[in-house]
Amino acid sequence: MKKFNNCPAYGGTAVANNAVPSQKTALLELQQLSFSLVDLNLYLDTNPANQQAVNDYNQLFEQYWEAKANYELQYGPMNNFGHCPATYPWSWINDPWPWERGGNV
Amino acid sequence: MWIYEKKLQFPIDVKSKDLKFAKTLIAQYGGPAGELTACLQYLNQRFTMPTGQTRALLTDIGTEEIGHLEMVGTMVYQIMENASVCELKDAGLDPYYTLHDHGLFYSDPNGYNWTADYVDGLNDPITDLTANISAEQKAKQTYEYLMNLANGDESLLAPLRFLWQREVVHYQRFGEALETVKEYYNQKKYFC
């Protein structure tokens, strides 16, 4: 599947870019993309026939999955099941958690 | 089913050590118009909503509110995490400390614990969507008061501003949903 292009476990290759973004930069990009999707999600709930919004959603969806796969490759899983292959040892338990210092900025 | 994402919806790194502010901010954690009330209210009402659109909207806004609960909890946690007992006492948090130490708890600045009495759910979609519009407006108002109390600290104001803006968007979406529900009922109206 296209969304796993960057996940080695799915036969893809790691980050194509030369420069790996810092965790702070990568996380901020992910927050921006997922926020745009959430906001479009709510908009489409009450405006389901807006073709432009559907197009925007699909375009952002592609960007989001790419950014998410790259982030998880570098900094560990964002979800605890079914979204990204597990590493050994299991890294879901690693700090920081989002509410902790340095956990999200 | 829900899936947790190991990130906040908006970046938070609180510089403030203003414990008095933490005491007021807890209003949006476990207070009447707080995020816990909002998410439980919407996720509860959705079961009996009449249209796919309203079922989806309540699911999606209710889910986003859980993320907002996490944001408010993060702000309270980061202000309080290294506070000494003396500092907590000076800020009037000694009763809170006695019951919860530095932990988070669903209560309000006056010490009243969260109760399901805060939740609106009369099952009539017009009534409930109107209550939700009101709930968003009340939360928005509370965030305005909290921003007035934040002493200009940008590390507090930025996430509060974000949360305030989300109340505006939710208000708009609930308003649109209310209109479509009215149309839905008008369509089904027949006389014989």
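Trainee: Where is Asp101(B) found?

Mentor: Asp101(B) sits in the loop between helix H6 (94-100) and H7 of chain B. Bear in mind that this is a predicted model.

Trainee: What makes Asp101(B) count as exposed?

Mentor: Asp101(B) has 11 C-beta neighbours inside 10 Å. Exposed means 12 or fewer, so Asp101(B) counts as exposed.

Trainee: And what is phi of Asp101(B) near?

Mentor: Phi is near 55° there, a positive value in a residue other than glycine. Most residues other than glycine have a negative phi. Asn151(B) also has a positive phi, about 55°, although it is not a glycine.

Trainee: Where is the place of Asn151(B), and why does Asn151(B) count as exposed?

Mentor: Look in the loop between H7 and H8 of chain B.

Trainee: Zooming out, how many helices and strands does chain B come to?

Mentor: Eight helices and zero strands. Along the sequence the pattern reads α-α-α-α-α-α-α-α. The C-alpha trace of chain B spans about 75 × 30 × 30 Å along its principal axes, and 38% of the 192 residues of chain B count as buried.

Trainee: Which residues touch the most other members of the largest nonpolar core?

Mentor: That core has 37 residues, and the ones touching the most other members are Ala22(B), Leu25(B), Met71(B), Val72(B), Met75(B), Val76(B) and Ile79(B). The elements giving two or more residues to this core are helix H1 (19-25), helix H2 (27-30), helix H3 (35-45), H4, helix H7 (125-149) and H8 of chain B. H4(B) supplies the largest share, ten residues.

Trainee: How do you know that Ile79(B) touches Leu19(B)?

Mentor: Contact is called when the C-beta atoms lie within 7 Å, so a touching pair such as Ile79(B) and Leu19(B) meets that cut-off. Leaving out residues up to four places away in sequence, Ile79(B) touches Val14(B), Ser16(B), Lys17(B), Asp18(B), Leu19(B), Phe21(B) and Ala22(B).

Trainee: Now the two chains. How many residues of chain B are in contact with chain A?

Mentor: 27 residues of chain B are in contact with 20 residues of chain A. On the chain B side, helix H4 (52-80) and helix H8 (154-187) are the elements that give two or more residues. H4(B) gives the most, with eleven residues. By type, that side of chain B divides into twelve nonpolar, six polar and nine charged.

Trainee: What makes the peptide bond from Tyr88(A) to Pro89(A) cis?

Mentor: Its omega is near -5°, and the bond is cis. The bond from Asp95(A) to Pro96(A) is cis too, with omega near -5°. Most peptide bonds are trans. Pro89(A) has its place in the segment after helix H2 (51-75) of chain A, and Pro96(A) lies in the segment after H2 of chain A as well.

Trainee: Last one: what confidence does the predictor give?

Mentor: The mean pLDDT of chain B is 96, with 97% of its residues reaching 70 or more. For the complex, the predictor gives an ipTM of 0.89 and a pTM of 0.90.

Definitions and conventions:
Residues numbered from 1 in each chain as written. Chains lettered and ligands numbered in written order. Predicted model: local features only at pLDDT ≥ 70, side-chain atom pairs only at ≥ 80, totals over all residues. Contact = placed C-beta atoms within 7 Å. Helix = DSSP H or I, 4+ residues; strand = E, 2+ residues; numbered from the N terminus. Nonpolar A, V, L, I, M, F, W, Y, C, P; charged D, E, K, R; others polar. Buried ≥ 20, exposed ≤ 12 C-beta atoms within 10 Å, placed from the backbone. Core = buried A, V, L, I, M, F, W, Y, C linked by C-beta atoms within 7 Å. pLDDT = per-residue confidence, 0-100.
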